[in-house]
Amino acid sequence: MTTVTEPHRLWRNARYLTWLVSDTSKGLAAALFAFAIPLLALIVTNDPAQAGIIGGAGMVARLLLTLAGGILADRHRRILLMLIGSLIGILLAGAFTLLALGGALTFATLLIADVLLAARSGLFDVAGESAIKEIVPDDAMGRAQAANQGRDAAIQLAGGPLGGLLLGVGGWLVGAVMTLCHAVAAVMAWMLQREMRRAGIVDTGAGADAAGARPENGERPVGDERVAVGPAVDPADGLGFPVEPATDVGVQGKTSAWAELREGFAWLLARPDLGGVLLIITVINLGFNAAITTTIYALQQDGYSELLIGSLSAAVGAVMLVGAVVAPTLVPRIRAGVIAISGLSVVAVGTIVLSMVTEPWAIVVVLGASVLLLPALNAGMMGYFMVATPTQLLGRANSAAGVLGMGALPLAPLIAGFGLTWIGREWTILVCAALCVIAVALALGNRALRALPIESRWAEHATQYENT
C-alpha cells in the first residue's frame, strides 16, 4: 500500500515564519543602506568614480569576510550567529546615524561605514541563509526559496521609495531606521532560538549529524526529511568526512579553518551540477549589476531626485513581486535548467535595450521586463543548491558559492563610475550587455545546467553527482 505524504505547508511552519521575519528585517536594513550609500557618496563627492570606489570596497569586504562566515556557520550555532550579527548591526547602524547627525559624512567616513557594514554581512549572513535547511524540508525548499524571492521583491518595492523619503530628510534617518530593522531581526532570531530549544532541536551547525540538526531525543526535526544514519551516500564522504555523526563532530574540531575552507571549495568545484554554473552566475551578476548601477549614477548626475530614483526601484520591485508570485507555480512544473536559460536570455536582451533608453518611464519598462523571470530563476538555482548540499558543508559551500558567483561583483560600481566618466552611459551599458550575452552563451553550452529537473526530482537528481 502506497502512503501519500501531504505536501509541507510553509505558512503553518512557525519556525520558518519567525526566520523569515528576522531575515526580512535584516534585508530591509541592507536594502536601505545599499540604496543610500551610492547617492550619499555622489552628494558628498559629486564624483561617480569616487562613489564607485566606495561601492567596490564594500563588496570586496563582504566577499572576503564571507569565507570566514562560511566556516563560522559550519562550526557554531547558526541561529545564534544570526542573533550576534543583528546585535552588531545595531551598533554599526547606530554609529552611522551619529556620524550623519554630526555632519561627519565624507568620502573617508562613508568608505569606512560601507566596509564595516559589508563585513558584518559577510561574517553573519551565511549563517542565516544556511539555517533555513534546518527548518524547511527538501520537498518544500523550492517553494521556500520562491517565497524568499517574493520577500526580496517586496523589500525592493518598499526600500526604494522609503530610502528616497528617508534620504530626503537626511542620512541620519536612514541610519535610525536601519538600527530599528536590526533590532527587530535580533528579537526574532532570539525567539527562533528559544523555539528550537523548546522543540528539542539542537542548532549546532556542523556539529549536527550528516542529515542536519536533530532533536535531543534523537528524532528528526519536522523540517528535515533526510535520512540521519545509513549507507555512505553523502557527497562529503569523498572529502574525508566520516559517515557517523559522533565521529564527524570530533573531526570537525580537529581540522583547521583553512582545511575546512578548502573542503568547501573542493566539494563545490567537484560537482558539475553546481560548480560549473558559478562562472555563468559571476558573468551575469557583473554585467547586469554594472548596468543598473550605471543607470542609477547617470540619473543622479542628470539631476533627478533621490525620491524619483527610489520610485523607479520600487516599480522594478513591483514587477519582481509579480514574478515571485508566479515562481511557486513555475518551479514545481518547469525544469530548473529551462527557467535559468530563459531568465538569463531575457536579462541579456533587456540590458541591450537599456542602453537605448534614458527616460525614467522607459527605464522602468525595460528593467521590469528584464527581471520578471529572475525570482523563478533564483528560486530554482538556490533551492536546488540547498537540497544538493549536505548540512555539515552548507555554510562553507554557501560562502564558496557566494565568493565564486559574486567574485567579480565589486567591479560593477567601478565599471559604472569610471565608465560614465570615460566613455559615457550608452557605451558603458553596452559593455555590460556584452557580458550578459557571454553568460547566456555559456549557459546554453553547459549540459549540467540544461539538465536540472523540476523541484520534486532535485534530491534524486543530485544523488548522481554525490561520488564524482
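Y384 and W458 are both buried, buried being under 20% relative accessible area with a 1.4 Å probe and protein chains only. This is a predicted model, where local features need pLDDT of at least 70, side-chain atom pairs count only at pLDDT 80 or more, and totals for chains, interfaces and linings use all residues. Residues are numbered from 1 along each chain as its sequence is written, and side-chain values use heavy atoms, with hydrogens and water left out.

Now the aromatic pairs. The structure has four of them, a pair being rings of Phe, Tyr and Trp (its six-membered ring) with centres within 6.5 Å. Y16 and W19 are stacked, that is, with planes under 30 degrees apart: 6.0 Å centre to centre and 25° between the planes. Both sit in helix 1 (residues 14-45), three residues apart, about one turn of the helix; helices here are DSSP runs of H or I, at least four residues, numbered from the N terminus. Y16 is buried at 0% relative accessibility, and W19 is buried at 3%.

Back to Y384 and W458. Their ring centres are 6.3 Å apart and the planes are at 80°, so the pair is edge-to-face, the term for planes over 60 degrees apart. Y384 belongs to helix 13 (residues 374-388) and W458 to helix 18 (residues 458-463), so this pair links distant parts of the chain, 74 residues apart.

Last, one lining. Helix 1, helix 3 (78-101) and helix 4 (107-131) each supply at least two lining residues.

Key: Buried means under 20% relative accessible area, exposed over 50%, partly exposed in between (1.4 Å probe, protein chains only).
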